[in-house]
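Colleague: I've got a two-chain model open and I'd like to talk through how the chains meet. Can we go over it piece by piece?

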Amino acid sequence: MTDRRHLVGHAYTPYTFPVEHGKVREFALAVKDEDPVYHDVEAARAAGYRHLPVPPTFSAVTSHWAVRDVDVLRLDLRRVLAGGAEWEYLGDIVAGDVLTVRSRIADVQEKTGSRGPMTLMITEHEFVNEREETVMRMRSTVIEMGEQ
Amino acid sequence: MPDTAPGTVAPERRVGPLTRTDFVRYAGAGGDFNPIHHDETFARSAGYPSVFGHGLLTAGVLAGYAASWLGRRNLRRFTVRYVGQVWPGDTLVLSGEVLRTGTAEDGGTEVEASLEVHTEAAGRERRLVLRGGATAAYPAPALALAEGDRP
């Protein structure tokens, strides 16, 4: 297996992500969330938001704007599984915001599970808006199974 | 604020059955084009019987359920751990239970809940596919209001 333990602490190039009205709606539809706050600005304002808020797992959208300067993890997609994720909500994120995302590899662990050797890779992401407020933090775990 | 006594369960919600089109819609919305979720040939070459749903699709559906139960503005933390795959034709069965209720530093109430997603499909056993958790915070009732209530 590829030894990736030296990658702990690696910081990815930060990137900015504009939160777009249409994208908020599209994502809410994709996760089958019918809360009107994602679809109707009036409903969002009535609920206390400046504009459409983002659904709780919207960070998935931003991650694909990441600058892939070097894909340091070199994952084999046939052997990759999503392990889990956690989100911490510190402030509102609404359409019109511009997020800056700072990501780093927080941990790499080699383990042996019921299906053989595996590598667990934990990445941390911090989301800061255009007013320099940290509005969300997220950690995600990706698992690469060993070669058969 | 929902009923938050420990042991309180949320009304179960069913979503689905999920189709390959739902997976493709999520791929587009979320930007995750790992072919294992939409390319049948690729999924079989990796040893799977078919494509399967993105973990983040199930997580996103569960987050909406948690937000509508606990109040989306009250959500402070949401966690997921994937334990099984969601196959085309599966219906997601979402459930939640209050684990703990405590007092936050500001005098408000903090609630911790566990969440689960099972899948159901004709001819298959009900399976646990995701374990999750959520923390929600509720502000203390305004003092003036509480005093006004007194006889």
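Colleague: How many residue pairs are in polar contact across the interface of chain A and chain B?

Modeller: Keep in mind that this is a predicted model. The count takes pairs with both residues at pLDDT 80 or more. On that basis, the interface of chain A and chain B has 14 residue pairs in polar contact.

Colleague: Which element gives the most to the side of chain A that touches chain B?

Modeller: Three elements of chain A give two or more residues to that side: helix H1 (21-30), helix H3 (59-63) and strand E2 (80-89). With nine residues, the top contributor is E2(A).

Colleague: Which residue of E2(B) does Ala85(A) stand opposite?

Modeller: E2(A) is joined by five bridges to strand E2 of chain B, residues 75-82, and the two run antiparallel. In that pairing, the residue opposite Ala85(A) is Val80(B).

Colleague: And salt bridges: how far apart are the closest N and O atoms of Glu86(A) and Arg77(B)?

Modeller: The rule finds three salt bridges across the interface of chain A and chain B. The cut-off is 4 Å between a side-chain nitrogen and a carboxyl oxygen. Glu86(A) and Arg77(B) form a salt bridge, with their closest N and O atoms at 3.1 Å.

Colleague: Which three residues supply 21% of the area that chain A buries against chain B?

Modeller: The contact draws on 34 residues from chain A and 36 residues from chain B. About 2,800 Å² is buried between the chains, with 56% of that from carbon and sulfur atoms. On chain A's side, the trio that supplies more than any other three residues is Lys32(A), Arg78(A) and Tyr89(A).

Conventions: Residues numbered from 1 in each chain as written. Chains lettered and ligands numbered in written order. Predicted model: local features only at pLDDT ≥ 70, side-chain atom pairs only at ≥ 80, totals over all residues. Heavy atoms only, no water. Contact = heavy atoms within 4.5 Å. Buried area = accessible area lost by both parts, 1.4 Å probe. Polar contact = N/O pair within 3.5 Å; in protein donor to acceptor, adjacent residues only side chain to side chain. Helix = DSSP H or I, 4+ residues; strand = E, 2+ residues; numbered from the N terminus. Pairing = 2+ DSSP bridges.
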